[in-house]
Amino acid sequence: MREGVVGGGTLPLTLPWGARAPAQKALRWRSVKLTSARQWWCFSEMKYIKCFISEIPWNYSWYYSAMSLVESQSEDRQSEEQVRYLQANSRELNSTFGYPNNTIKTSRYSVFNFLPLNLFEQFQRLANAYFLILLFLQLIPQISSLAWYTTVIPLMVVLSITAVKDAIDDVKRHQNDNHVNNRSVLVVMNGRIKEDKWMNIQVGDIIKLKNNQPVTADVLLLSSSEPYGLTYIETAELDGETNLKVKQSISVTSNLEDNLGLLSSFDGPDTKLMQNCGKSTFKRTHMDHLLNVLVLWIFLFLGGMCFILAIGHGIWENKKGYYFQDFLPWEEYVSSSVVSAILTFWSYFIILNTMVPISLYVSVEIIRLGNSCYINWDRKMYYAPKNTPAQARTTTLNEELGQVKYVFSDKTGTLTQNIMIFNKCSINGIIYGYGYDKNGQRVEVSEETEKVDFSYNKLADPKFSFYDNTLVEAMKKGDHWVHLFFLSLSLCHTVMSEEKVEGKLVYQAQSPDEGALVTAARNFGFVFRSRTSETIMVVEMGETKVYQLLAILDFSNVRKRMSVIVRTPEDRVMLFCKGADTILCQLLHPSCRSLRDVTMEHLDDFAFEGLRTLMVAYREVDNAFYQAWSKKHSEACLSLENREDKISDVYREMEKDLMLLGATAIEDKLQDGVPETITTLNKAKIKIWVLTGDKQETAVNIAYACNIFEEEMDGIFIVEGKNDETVRQELRLARKKMKPESLLESDPVNTYLNTKPQMPFRIPEEVPNGNYGLIINGYSLAYALEGNLELELLRTVCMCKGVICCRMTPLQKAQVVELMKRYKEVVTLAIGDGANDVSMIKAAHIGVGITGQEGMQAMLNSDYAISQFCYLQRLLLVHGRWSYNRMCKFLSYFFYKNFAFTLMHFWYAFFSGFSAQTVYDTWFITFYNLVYTSLPVLSLSLFDQDVNETWSLRFPELYDPGQHNLYFNKKEFVKCLVRGIYSSFVLFFIPMKTIHNSVHSDGKEISDYQSFSLLVQTALLCVVTVQIALDTTYWTLISHIFTWGSLGFYFCILFLLYSDGLCLMFPNVFQFLGVARNTLNLPQMWLIIILSVVLCILPVIGYRFLKPLFWPADVDKIMNRIHLWTRHPLLPPTQTKLRHTRPRRSAYAFSHKQGFGALITSGKTMKDKVFKKNSFSFKK
Amino acid sequence: MKRTSEESQSRLPDNSALKQQQLPAYWLQLTATGVLSGFFATGVFCLGVGIILILSAKSIKEIEIKYTKICGNCAKLREDATNFDKECTCSIPFYLSETMQGNVYMYYKLYGFYQNLYRYILSRSNSQLMGTDLKDVGTCAPFSKSHDGTPIAPCGAIANSIFNDTIILSYNLNSSIPIEVPMLRSGITWWTDKYVKFRNPRSKNLSIAFAGTTKPPSWAKPVYELDQEDPENNGFLNDDFIVWMRAAAFPTFKKLYRRLNRIQYFTEGLPAGLAYTVTGAVTWLAFFSMMAIHLMLKDRKMFFTEQ
């Protein structure tokens, strides 16, 4: 199918690219790093390419060749296939197709279109649009009740803050674009290789890449300096995978001479990455949704009030206003009190607009931005070895970090480091690898333990460390078994080596396990140095030997072992085998039974420590037997029917009567602090699920190791049914054990479900009778996720404390998260590090990417990027909790202050003939939200801490209110409303009743409108300031400056606004000349203010003080203890040290893939298969 | 060397108190002692202030005389708008049982007069009242110009509806000829109003200064003839006018009308025990609102009760 045709004619050939990754995200080949090939000819490729390579002037033999690539894109484009035509190295022709050039543009604005475009975008927001409409309403003179600037100024400020933020973001994007666009690359132009910038590359250009160069385009490989046109690419920047992927040029181009140029066809905005960019849906928090609902409520409330006031106005006009016309005739257009009432409705709509706080959204944005900065700035989330701080990539989700209930975690690279370390081994019945102290006592290996000195071996890997000297001694002594053991490790593998500098070997391993084994052999003196398809060169204790590679009996999931057959320099044929203990045991020669028993004991020990184990064995093969076998093998390989079966039969024939050498133990290193973190998160009632592509054994082993499962659990269920019915039964059985009554018809949840509630409905929380764990594998999960089992699955799974889902495809990971989101009112968090976690990260409310593994894909799609799993507890319990608390305090206060502020107009309406008269000076209305009260509330929501970080980590229970959203919900909102009504009532009637009959000491009355306004607004500002002072628990200097400073600033502005100069300059705008001077020097004014403050604040203090006394929540009790401890620091709370007892569990995880052996040993015939198998492999 | 270059590349966040959220701070906690003592202290403070205020309010004497009904005839007369320029007087005798010592102030009080209506309160021109631009009547609707287009000075609904009853307090020393109690019509406005906010147009003669404008429709006299006795008290600087122009916050309000000139018999205040007569020359307003004259003695504090 992929045969290229040389010579005349054109033959389209199809590469089924995306086919290996069904339902995955489209693979993005946008900046791939070349690693292995010294040079790489490639031809950059777009989404879909049809290209005719014609006339490559510097190579006659390629006069006419043609190929066409049709690639089906996954997901939303699955159905649509496009064909792309291009001619290699022919810019003139390609330009006629109108492909874009390779300039990357992620920025949104330019200098010229910024203002209109940004404004247009901003007015698409509901809140801004509302205020714009309001502004237009205000311009209608008939209903205008406020000066135009009361809306314009706040709106301008809000818009400009957002615009500045957008502008800064966009400048950053411009810089990034420039950086990427200006990278240089070698390109063939007019028959010569020229250096050019990536942004000038066009579709059809042929480019030349060198090793370790980044690739900033979708390219098609034409030719490589490596044999068979192979290249090894690293896609870490795309999907986080550091293992190499093999790419092979199609055969028609692969014979290009080394010094030829390469072909690139390319389109900046059309590359896969760019195509996939920006499609991610904008995540919104629960708080955002709640706010939308509340704003709607406010609108209704507002409408209601306006309606009441309009009716009041109608009645008043009828009874009083009609007669008052002598003094104030109705406007001409007002024919009756009804008309007047209708107009008044709108007038009040304008006046009461401050109920919908204009600065709410912009304040929320600023607060989230600030709290995100704290995450970026946190030194305790900075990972020094990788030089990476934590990163908040989204600034809109902060408070949700404080509400997480479910954490979905990947395993490899997230819980574990994905670093395999050769830790221990058992050779011929002797165990090696424990550290010993001077007295020969076994000690726990720690940082201080002396490492083994490998200086005798010049080719040793300096990063490798081992703590048991006895093994080296045995090695040096020339122990036969030890030598054979390491020889076996250095021969039996599929690792590729690279030696750029003499003596500095770099291994490229398919699986980290294998790399660890070969590296161990290398350090102990059996250095695998290089290989060809027929030989393996090993440096044995300094002496170079070449083994002839006769066959690789490749690994497969069924066989769980791999073998190599080599001819030693001494002309002996040897088979070396390594594989799972369970399998290998049965293949051993009966003579090593006793050794086997000893080794099995050792394996148990290894497993107990959570190590991954492999058995190693060998067999010396009679030459004649090998020849016969080799013949059978070739036949099997060539057979057309049942080839796989036949081959495995042949293999089985060879892999028997093995002599046991020993066993290896590899540590799949957990990341630092993972068990502690999970314990802490569990205490915070966060449920952790592991969703992994790994095998059940490995996953369960890790689950135990990191405390997701505990030995003392009441039960662990395994769901592994292969059809609907078994899965259902397994799930129901599990549920029966956890909560027997939940299967009864009378169970409230069942009754609820039987009513067939309409979507979306929520399944309530169910409490099981103990701690349970559940393991489900991907196969069963596929059934469980089908329609009618969904709820069954969800109810069972949610009762478990820990859940392991193994053998999951990326899509399933996302489905599980989606399921949870659909039926549970909870916040989910997904954490992962690889491309296979991307879908889950995108699906969850919060996606966290682990960085530092050189991977980018997960990080690029995440909302928060941290470099260690253990930082999650800090992210959630400290930053999340603070963000949530701050956001809640902010919202409560913000709504309160606006209600108190606005409702005053409502009360005043009853005394001003419902004439839409405002209580305050228009300037106060303009500045109230924007200037007078913004900074204190900002300082509250940026600096406040109810308890410090130490306490919030020590008492994870404090996290609980966030999960149930106790601090700001509809109930709390109503409380704010009630408080606001009360405050406005007090703030209106106290001044009114006290002022209306009182006079100045020189007889002048003080109950004029302007004095009253001033009095009321000052009292209001004092009340809200004292209120926020009460809300603030953490008084920093900044809080003091902001809180009291704002109040002081109010008085300064007051004197400015009411000063002679300003008022005389604009007498009709600033009308309050001298009011401040005449009013604020009256003692009774201050007494009124004090009285109002006292009456407003006392009930709040009383409530806050009494509530925890009479109705204490769990949090209150903990807070009490904390306060007690802070006051008496003599009693430091002791934190129980975690003890883990590792379960006795064997782990076999041979994480690499079948087919690599074949690539090594065979020639071109096997290439296509290899190519297919590996090109789109995903890390498990 | 290598170390320093590594350090300069380090992305380790700054160790500043702000960035690490370690700012030195005081933790505010609601403790039992704090809350209870706070409550107690507030209570004591309010109680103390309350007592002081009640005591000081007791020394204030107040007499309120409502004349809406008593002068009902005049009110009737005014109901017919054509009679707006006819004078109508009525007298109300009353008896003062105790001497009102110290300063005595006379107020007029209007019930249910909505000076705080939105359109009413806006219907004035501050730039006109400052005397800078008499023709600036843009904000004065519906009383900005007369029918023939002449700008009204002072324009607007507030000025047009000025309270223009004349109230005279007489003292019957010995049932013969009543003595008119001497009253001051100055010093009843805010200093800032009288000297900053309100200005007459610059000219030697006010009537010339106001040329080109017309009087408000409900006024009997032009603004420069408001006070026949004191030429300084005319135009926009007329104290009664300034007091009226400071719109009240509530529909029931009182405004300072006159203060006692403490001379002759009245150096100590208003002597007790004798009959007084209030004569009101009600011109046109009375029909609408009920009015009262307050005689108030002011010592130092005014009555201000709380708690």
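**Architecture of the predicted two-chain complex**

The structure is a predicted model, in which local features need pLDDT of at least 70 and side-chain atom pairs count only at pLDDT 80 or more, while totals for chains, interfaces and linings use all residues; side-chain values use heavy atoms, with hydrogens and water left out. Residues are numbered from 1 along each chain as its sequence is written, and chains are lettered from A and ligands numbered from 1 in the order in which they are written. For the complex, the predictor gives an ipTM of 0.90 and a pTM of 0.80.

Chain A contains 40 helices and 36 strands, where helices (H or I, at least four residues) and strands (E, at least two) are DSSP runs numbered from the N terminus. Of its 1180 residues, 60% are buried (buried, under 20% relative accessible area; exposed, over 50%; partly exposed, in between; 1.4 Å probe, protein chains only). Among contacts in chain A (heavy atoms within 4.5 Å) between residues at least 6 apart in sequence, 75% join residues at least 24 apart.

Nine strands of chain A form an open sheet of mixed pairing in the order 14-35-34-33-15-29-32-31-30; two strands pair if DSSP finds at least two bridges between them. Strand 14 (391–392) and strand 30 (715–719) of chain A each have a single partner strand, so one side of each of these edge strands is left without a neighbour in the sheet. Within the sheet, strand 31 (residues 772–777) of chain A runs parallel to strand 32 (residues 802–806) of chain A, to which five bridges join it. Leu774(A) stands opposite Val803(A) of strand 32 of chain A. Helix 27 (residues 871–909) of chain A packs on the sheet through strand 15 (404–409), strand 33 (827–832), strand 34 (846–850) and strand 35 (864–866) of chain A, and its direction makes about 140° with that of strand 35 of chain A. Axes are lines fitted to C-alpha atoms, for helices over the stretch in contact, and angles run from 0 to 180 degrees between N-to-C directions.

Helix 11 (residues 469–477) and helix 12 (residues 480–491) of chain A pack at about 100°, with axes 8 Å apart. These two helices of chain A are therefore roughly perpendicular (65 to 115 degrees; under 35 is roughly parallel, over 145 roughly antiparallel and the rest oblique). Leu471(A), Ala474(A) and Met475(A) of helix 11 meet Val482(A), His483(A) and Phe486(A) of helix 12 in this contact. In helix 29 (residues 934–943) of chain A, nine of the ten residues are buried, so this helix is largely enclosed by the rest of the structure. Its buried residues pack against helix 10 (359–377), helix 27, helix 28 (922–932), helix 33 (1009–1031), strand 36 (1034–1036) and helix 34 (1037–1057) of chain A.

Chain B has nine helices and twelve strands, and buried residues make up 50% of its 307 residues. Chain B exposes about 14900 Å², of which carbon and sulfur atoms supply 56%. Its mean pLDDT is 78, with 81% of the residues scoring at least 70; pLDDT is the predictor's confidence in each residue, from 0 to 100. Among the elements of chain B, helix 9 (residues 239–245) has the highest mean pLDDT (91) and strand 12 (residues 291–298) the lowest (46). The pLDDT is below 50 over residues 282–292 of chain B, a stretch with 59 contacts in the model beyond near neighbours in sequence.

Definitions and conventions: Accessible areas come from the Shrake-Rupley method with a 1.4 Å probe; for residues, only the protein chains shown count as cover.
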